[in-house]
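I opened the notebook to record a few look-ups in one structure. The entries follow in the order in which I made them.

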Amino acid sequence: MIASERLTILTGASRGLGRAMAQQLLAQSGATLVCISRRSDDALAELARQAGASLEQWELDLSEPALAAGRLGAWLQAVDPARFARATLINNAGTVGQPRPLADGVAADLAQALRVGLEAPMLLAGAFLGATRDWTGRREVLNISSGLGRNAMGSQAPYCAAKAGMDHFSRAVALEQAALPNGAKIVSLAPGVIDTDMQVQLRGTPADAFPDRERFVQLKANGMLDSPETAAGKVLGYLDRADFGSKPVADVRDA
Ligand SMILES: NC(=O)c1ccc[n+]([C@@H]2O[C@H](COP(=O)([O-])OP(=O)(O)OC[C@H]3O[C@@H](n4cnc5c(N)ncnc54)[C@H](OP(=O)(O)O)[C@@H]3O)[C@@H](O)[C@H]2O)c1
């Protein structure tokens, strides 16, 4: 068999940036897409049917990341690697929770943000890299980070910590993979600012809990947000760059 298919595992495909990436990936020939979100999407299933693409949608809560990582590892062990010329994990799911100072935080919300935003990407990356270790095709991990992993903002400590952790674990894993014969490339990528539910949530938080709220109001008012479709095109374009992986921490706006 000649490897011709492209396998992508994508978290947070039900809305926003992830949904737009799923749509664009399904339009490519030879696409096999595994989506992980709490909700599946009938429209994506229909799109896959029309495109002749293979789509699985796993309804999983990434705040229980060990379950998702276990399922991914078992699934990858069971498929025939010879089918795939390229295998990619995109850790896209994330949550800003309810922005507020840490001193006013709710423990369950804090744990949720860290589990979804940091623990799940690490466990999924571990499962993916372990199960595909001997695959001969191109292997990649793309972590969707944020400028807030690099620049701090009050009332966003869990999100900032999750994204900073994502950046730094990507640096560490890049070193590990560089030492392997067919090591994977890994990049933690800031995707720009995007007109999604996440921005709605930031603009909708009262200013007394979130002093930077007005910055997000102005981004929207001044037309500074990319549509999810535009952002997805930029992010997937970055993934296709010949130098993908040369900088483990990057910004989609990098030249
Ligand atoms: N929007 C921006 O301006 C911006 C800027 C910088 C970085 N980012 C990053 O870009 C990525 C996508 O953001 P977005 O704006 O598209 O966000 P979004 O519209 O809020 O969508 C978030 C996605 O994550 C999934 N998700 C959230 N909690 C989950 C959980 N517990 N289990 C499984 N899936 C979960 C959601 O699916 P379900 O709710 O269906 O489970 C949804 O598909 C995130 O990592 C975000 O941090 C966004």
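Is cysteine 35 buried or exposed? I find cysteine 35 buried, at 2% relative accessibility; buried means under 20% relative accessible area, exposed over 50%, and partly exposed in between, with a 1.4 Å probe and protein chains only. Cysteine 160 is also buried, at 10%. My search of the whole structure for disulfides (a pair of cysteine sulfur atoms within 2.5 Å) gave 0.

A note on the source: this is a predicted model, where local features need pLDDT of at least 70 and side-chain atom pairs count only at pLDDT 80 or more, while totals for chains, interfaces and linings use all residues. Residues are numbered from 1 along each chain as its sequence is written, and side-chain values use heavy atoms, with hydrogens and water left out.

Next I looked up strand 5. Helices (H or I, at least four residues) and strands (E, at least two) are DSSP runs, numbered from the N terminus. Strand 5 pairs in parallel with strand 4 (residues 84-91) over 6 bridges; pairing requires at least two DSSP bridges between the strands. Isoleucine 90 stands opposite leucine 142 of strand 5. Strand 5 also runs parallel to strand 6 (residues 185-190), joined by 5 bridges, and there glutamate 140 stands opposite lysine 185.

Last, I checked serine 145, in the loop between strand 5 (138-144) and helix 5 (157-178). Serine 145 is buried, at 2% relative accessible area. Beyond its neighbours within four places in sequence, serine 145 has contacts (heavy atoms within 4.5 Å) that include Arg150, Asp167 and Pro191.
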